[in-house]
Amino acid sequence: MRDLGKVIDEMIAVIPPIEGEILIARLKAQKESFLFSAPELVGIRWQVTSECLADELGNKRQTEGWQKTIQDIWMDKRS
């Protein structure tokens, strides 16, 4: 199983600080919640992080830019 904390760190690293300020803050909050979650709640943390990404990036597949990179990292489809 992938480590949600590492996935979030990878995504934060490619988000422009000014343009993605809200998304970065939300992802950091999700990582903090993940780090202190009981093992049986890890699945819920993945789901909540997914909802956060959908809220900020939309539900459509991005085709370019940092948004595409974020989706690729999330789906483990880095090229």
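Predicted model: local features only at pLDDT ≥ 70, side-chain atom pairs only at ≥ 80, totals over all residues.
**Entry: the fold.** Reading along the sequence, I wrote the pattern down as α-α-α-α. The radius of gyration is 12 Å, close to the 12 Å that the globule rule gives for 79 residues, so I can call the protein as compact as a globular protein of that length. I also looked up the box that the C-alpha atoms fill, and along the principal axes it is roughly 35 × 25 × 20 Å.

**Entry: inside and between.** I checked burial and saw that 35% of the 79 residues count as buried. Then I turned to contacts between residues at least 6 apart in sequence: 58% of them join residues at least 24 apart.

**Entry: charges.** I looked up 11 positive and 13 negative charges, and their mean positions are 4 Å apart.

**Entry: one residue up close.** I picked glutamine 30 and asked myself: is glutamine 30 buried or exposed? I first located glutamine 30 in helix H2, which covers residues 21–35. Its relative accessible area is 13%, and buried means under 20%, so glutamine 30 is buried.

Which residues is glutamine 30 in contact with, leaving aside its neighbours within four places in sequence? I listed Ile8, Arg45, Val48 and Thr49.

Note on methods. Residues numbered from 1 in each chain as written. Heavy atoms only, no water. Helix = DSSP H or I, 4+ residues; strand = E, 2+ residues; numbered from the N terminus. Rg over C-alpha atoms; globule rule 2.2 N^0.38 Å. Buried < 20%, exposed > 50% of the residue type's maximum accessible area, 1.4 Å probe, protein only. Contact = heavy atoms within 4.5 Å. Lys, Arg positive; Asp, Glu negative; His and termini not counted. Charge placed at Lys NZ, Arg CZ, Asp CG, Glu CD.
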